[in-house]
Structures are given as structure tokens and as C-alpha cells.
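Keep the model open as you read.

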Amino acid sequence: MPLLPLPVFDEKNRLHFLSKLPNSASHIFGREKEFALLDQAWGGEKRQHLVQFIAWGGAGKTGLVTRWLYDQLAKGSFEGMPVYAWSFYSQGAGDQRQSTAEPFLVHILKWFGEDETKLPISQHDRGVLLAKHVRRQRSLLLLDGMEPLQFPPGEQHGQLKDLGLRALLRELASENPGLCILTSRIEVKD
């Protein structure tokens, strides 16, 4: 099965950053219900602020959302809108890995025009600042492979370890003119 080409950062208008998404199969079969859910979440009457796709590894979460994203880009659905995608999965999913959203938060805040030397010190404050940027206009934020940033089974199972990401998602869940899509093997409890 052919792979989707790696996306290229749009240097001209700087509206799309997709190069952190992994390669994905170009054909997805039997996911009409999930595609319809994403279409409804993005453009339907009952738009949603945040959508999670939770399934075991290899179930096709990344392929599904990547295929939908490429289809929407081809239709011009995001014309003039920021689209930013990041995959955390490459950081590793083992319990002993110290994973952080710091590289993501710094990169996306710089992408939105913030001076890295003037970013808030607090991770929480960085997440809140990022939410303000995302809310300024309708945009799509795709966060793939969240499990390295979540607590493993136990008392805090599924909660986010990273305070910046936790603040961002809480803010976007309450108010977001666009859409934030998450994929993980574990439901994000925050």
C-alpha cells in the first residue's frame, strides 16, 4: 500500500505545519463513520472543540486522521486557516521514558510568532498562552500519539503528565472556534 507523501512546511504563508506527522497509508478502508464524525466536528452544525481517537497500537488512528487531514486540504477546507500537526509518539511509550511537551510548546509558540526568549517560564502559562493563539481564529490542531505524555495504569491512569499540555487542552475543551484532534492508546482524562 503506498504511503502518503511527507507534508512540506508552507514557507509562503506559514499557515500549515505538518512535517511532524509520520508517514501513513494512503488508503483507509471501512472508516466512513469516523470520517463523518470528523467532518461533523469540523464543519457541522454541532461542531466540537476537541475529538479523541482512542485505540490500541496499530489500529490506524494516525492513518485515519492523516487521511482526513489530507482530504480536507485537497478540498481547500483550511484555506487561510492555521493547521498544525505534531506527533508525540516518537518520544517513546515506555513507562520509564521521561516525555515532555516542551519541544512542541516551544515550537508552536514560535510558529505563532512568540519570541522564545520571552516565553513564560511556567509550563501551565505556556499552555494558556498557546490556547490564546489557537483561539484567535478558526484552526486545526492535531496532536498524535499522546500516550508518552500520559500516566500509565494506576491512580492517575490517562492523565497528562505535562502541565502545559494539560492547560492547553482544558482551555481548548471549553472554548475553541476550531478543532483539536487527539490520538492515543489511552483516553486522555484531563
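Helix 2 (residues 61–75) contributes the most to the lining of the largest pocket, with three residues. Helices (H or I, at least four residues) and strands (E, at least two) are DSSP runs, numbered from the N terminus. The model is predicted: local features need pLDDT of at least 70, side-chain atom pairs count only at pLDDT 80 or more, and totals for chains, interfaces and linings use all residues. Residues are numbered from 1 along each chain as its sequence is written, and side-chain values use heavy atoms, with hydrogens and water left out.

Stay with the pocket. On a 1 Å grid over the protein atoms alone, a pocket is an open set of points with protein on both sides within 12 Å along at least five of seven lines, while a cavity is a set where a 1.4 Å probe fits but cannot get out; lining residues have an atom within 4 Å of a point. The largest pocket has a volume of about 200 Å³. A volume is the space filled by probe spheres set on the points, and grid points are joined across faces, edges and corners. Of the 13 residues lining this pocket, Gly57, Gly58, Lys61, Thr62 and Arg185 are the closest to its centre. The lining divides into two nonpolar, seven polar and four charged residues. Here Ala, Val, Leu, Ile, Met, Phe, Trp, Tyr, Cys and Pro count as nonpolar, Asp, Glu, Lys and Arg as charged, and the others, Gly among them, as polar.

Now the cavity. A search of the whole structure finds one of 30 Å³ or more. Its lining includes Pro82, Tyr84, Trp111 and Phe112. Helix 3 (102–111) and strand 4 (140–144) each give two or more residues to this lining. What is its make-up? Eight lining residues are nonpolar, one is polar and none is charged.

Turn to helix 4 (residues 123–135). Its buried residues (under 20% relative accessible area; exposed is over 50%, partly exposed in between; 1.4 Å probe, protein chains only) include Val128, Leu129 and Leu130. The buried residues of helix 4 pack against helix 3 and helix 5 (163–174), where contact means heavy atoms within 4.5 Å.

Finish in the loop between strand 4 and helix 5, where Pro152 lies. Why does Pro152 count as partly exposed? Because its relative accessibility is 27%. The C-alpha atoms of Pro152 and Ile186 are separated by 8.5 Å, with the two residues 34 apart along the chain.
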